[in-house]
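Subject: Structure handover

Hi,

Here is the structure I promised to pass on. Have a look at it first, and then read my notes below.

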Amino acid sequence: MNKIAAIAVLCLISLPAAMWAASSASLPKSYHSWQKSVRKVVIDKSSLFYGIHYIYADKKAMNGYKAGNRFAEGSSIIIEQFNIKEGSGSPAEGSRNMVVLMRKDKRMKATGGWLFAGFGADGAPSGLDPVSICFGCHQKDSAQKDYVISTINDFNK
Ligand code: HEC
């Protein structure tokens, strides 16, 4: 095989892998059919989670919560966050303001074996750095719980 042909073959092999890596951080479309948590209202305006949010967990992630936060490869968890509608008596959901995703992926060594990804209200990647922004907090709060802060108690069993 000459050099050019060898390079062409290498490109064909590596291209699908590269595309997969890039697409792996897109938002799963079906998460509204996953197990949904109780409604979580945070009224402390200084909190990152000021607003109303729900956690969604797929089947593998639910098994992980049930096992006391020990998650199998591929487990996926999403938080969908809404603004609080101003002027209403009890806190009511306003518009969606962000979505965050964690998916267990052993290739993500710098972030505890989890893929962390943040998305804006429109579902497009928000570009927040998973290592310095996301993982720092999760490592501090839940290193003993496989970096997942919520627990089975956040779901109606
Ligand atoms: C200021 C600290 C902080 C930062 C920064 C942070 N998180 Fe979290 N995250 C939390 C807390 C606290 C919870 C638990 C919320 C609850 O129990 O309702 C949480 C929960 C989650 C969950 C649900 C699973 C779990 O661990 O309970 C996901 C998914 C998530 N965060 C993803 C992300 C992503 C992606 C980023 C970066 C874009 C990020 N987080 C940045 C504090 C943080």
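**Strands and their partners**

Strand 2 (residues 40-42) and strand 3 run antiparallel, joined by 3 bridges. Strands pair here if DSSP finds at least two bridges between them. Within that pairing, Val 41 sits opposite Ile 52 of strand 3.

Before going on, two notes on the numbers. Residues are numbered from 1 along each chain as its sequence is written. The model is predicted, so local features need pLDDT of at least 70 and side-chain atom pairs count only at pLDDT 80 or more, while totals for chains, interfaces and linings use all residues.

How much of strand 3 is buried? A residue is buried if 20 or more other C-beta atoms lie within 10 Å of its own, exposed if 12 or fewer, and partly exposed in between, with C-beta atoms placed from the backbone. By that count 6 of the 7 residues of strand 3 are buried, so the rest of the structure largely encloses it.

**The chain as a whole**

Stepping back, the protein chain has 3 helices and 6 strands, in the order α-β-β-β-α-β-β-β-α along the sequence. Helices (H or I, at least four residues) and strands (E, at least two) are DSSP runs, numbered from the N terminus. The chain has 157 residues, and 21% of them count as buried. Take the contacts between residues at least 6 apart in sequence: 41% of these join residues at least 24 apart. A contact needs C-beta atoms, placed from the backbone, within 7 Å of each other.

**The core**

The largest nonpolar core is made of 20 residues, and Ala 57, Ile 77, Ile 78, Val 99 and Leu 101 have the most contacts inside it. Such a core is a set of buried Ala, Val, Leu, Ile, Met, Phe, Trp, Tyr and Cys residues joined through C-beta atoms within 7 Å. Leaving aside neighbours within four places in sequence, Leu 101 is in contact with Leu 27, Ser 76, Ile 78 and Ala 117.

**Helix 2**

In helix 2, the buried residues are Ala 61, Gly 64 and Tyr 65. They fall within an arc of 100° seen down the helix axis, so they line one face of helix 2; the arc is that of the directions from the helix axis to the C-beta atoms. These buried residues pack against strand 3 and strand 4. The face turned away from the buried side carries the exposed Lys 59 and Lys 66. Just after helix 2, Gly 68 has a positive phi of about 80°.

Ser 95 belongs to strand 5. Is Ser 95 buried or exposed? Ser 95 is exposed, with 8 other C-beta atoms within 10 Å. Leaving aside neighbours within four places in sequence, Ser 95 is in contact with Phe 82, Asn 83 and Ala 121. Ile 84 lies 11 residues from Ser 95 in sequence and 7.9 Å away in space, C-alpha to C-alpha.

Cheers

Terms used. Contact = placed C-beta atoms within 7 Å.
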